[in-house]
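Subject: Structure handover

Dear colleague,

Please find the structure below, with the sequence. My notes come after it.

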Amino acid sequence: MSYPTYDMNFADFQGRNWQRAMTAEKFAKCRDWTLNDWAVALTGEVGEFCNLSKKVSRGDLTLDEARADLGKELADVLTYADLLMSKLGLNTDEQLSAKFEEVSERIGYRAERVATPTPGDAK
Ligand SMILES: [Mg+2]
C-alpha cells in the first residue's frame, strides 16, 4: 500500500496530527484521553521499538531487515509525543527548537547546518 507524501514540517504535522486524532472515527475513543492515557500510548510505542531492537540485538533479525519497521515505530513515538504536546497546549516546533538551543548552550555547542545522517549509521 502506498501513501501520499506531504511536505510537512513539525508545525504542519502537529495541526494535522491533532485534527486526525480528534476527528477520525477510528480514533473516537482517544478524544477524551487524559494526559496519562497519551503518555501510556507513547510508552507503548517506545516498547514496540525496543522489542524490535531487542530482536536485532539477539540476532533474530538483522538491522537491515528491521530498519524500516524501526523507523515506523519511531514515527509512532514522534506521533504520540506530538499529540502529548498538543494535549499540553504546547507547540512542538517551538519546544524542539527551544530545547535544542538550551542543550546546545549547556554543552557549549555552536549549531551549524549538517547533513542528514545516512542509513546505516546505527550499529
Ligand atoms: Mg507502533
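Predicted model: local features only at pLDDT ≥ 70, side-chain atom pairs only at ≥ 80, totals over all residues.

Residue numbers start from 1 along each chain as its sequence is written.

Overall make-up

The chain contains 4 helices and 0 strands, and in sequence order the pattern reads α-α-α-α. Helices here are DSSP runs of H or I with at least four residues, strands are runs of E with at least two, and both are numbered from the N terminus. Of the 123 residues in the chain, 7% count as buried. Buried requires 20 or more other C-beta atoms within 10 Å of the residue's own, exposed requires 12 or fewer, and partly exposed is in between, with C-beta atoms placed from the backbone. Among the chain's contacts with a separation of 6 or more, 67% are between residues 24 or more positions apart. A contact means that two C-beta atoms, placed from the backbone, lie within 7 Å.

Helix packing

Two packed helices are described by the angle between their axes and the distance between the axes. The axes are lines fitted to C-alpha atoms, for helices over the stretch in contact, and the angles run from 0 to 180 degrees between N-to-C directions. Angles under 35 degrees count as roughly parallel, over 145 as roughly antiparallel, 65 to 115 as roughly perpendicular, and the rest as oblique. For residue classes, Ala, Val, Leu, Ile, Met, Phe, Trp, Tyr, Cys and Pro are nonpolar, Asp, Glu, Lys and Arg are charged, and the others, Gly among them, are polar.

Helix α1 (residues 10-23) packs against helix α3 (residues 63-87) at an angle of about 85 degrees, with the axes 9 Å apart. That makes α1 roughly perpendicular to α3. On the α1 side the residues are Phe13, Gln14, Asn17, Trp18 and Ala21, and they meet Thr79, Asp82, Leu83, Met85 and Ser86 in α3. By class, this contact of α1 with α3 has 5 nonpolar, 4 polar and 1 charged residues.

The axes of α1 and α4 cross at roughly 140 degrees and come within 8 Å, which makes α1 oblique to α4. Phe10, Ala11 and Gln14 of α1 make the contact with Thr92, Asp93 and Leu96 of α4. The residues of this contact divide into 3 nonpolar, 2 polar and 1 charged.

For α2 and α3, the packing angle is about 165 degrees and the axes are 9 Å apart, so α2 is roughly antiparallel to α3. The contact of α2 with α3 has 18 nonpolar, 1 polar and 7 charged residues. The crossing of α2 past α3 is left-handed, a term used when the near helix is turned anticlockwise from the far one by less than a right angle (right-handed if clockwise).

Single helices and residues

The expected span of a helix is 1.5 Å times one less than its number of residues. The 23 residues of α2 should therefore span 33 Å, and its end C-alpha atoms are 33 Å apart, which agrees. Just after α2, Gly59 takes a positive phi of about 90 degrees.

Gly44 is in α2, which covers residues 35-57, and counts as exposed because it has 12 C-beta neighbours inside 10 Å. Its C-alpha is separated by 9.8 Å from that of Tyr80, 36 residues apart along the chain. Ser53 is also in α2, but with 16 C-beta neighbours inside 10 Å it counts as partly exposed. The C-alpha atoms of Ser53 and Leu63 are separated by 8.3 Å, at 10 residues apart along the chain.

Ala75 belongs to α3 and is exposed, with 12 other C-beta atoms within 10 Å. Between the C-alpha atoms of Ala75 and Glu45, 30 residues apart along the chain, the separation is 9.0 Å.

Helix α4 (residues 92-107) has 16 residues and reaches 22 Å from its first C-alpha to its last, close to the 22 Å expected. The number of its 16 residues that are buried is 1, so α4 lies largely in the open.

Regards
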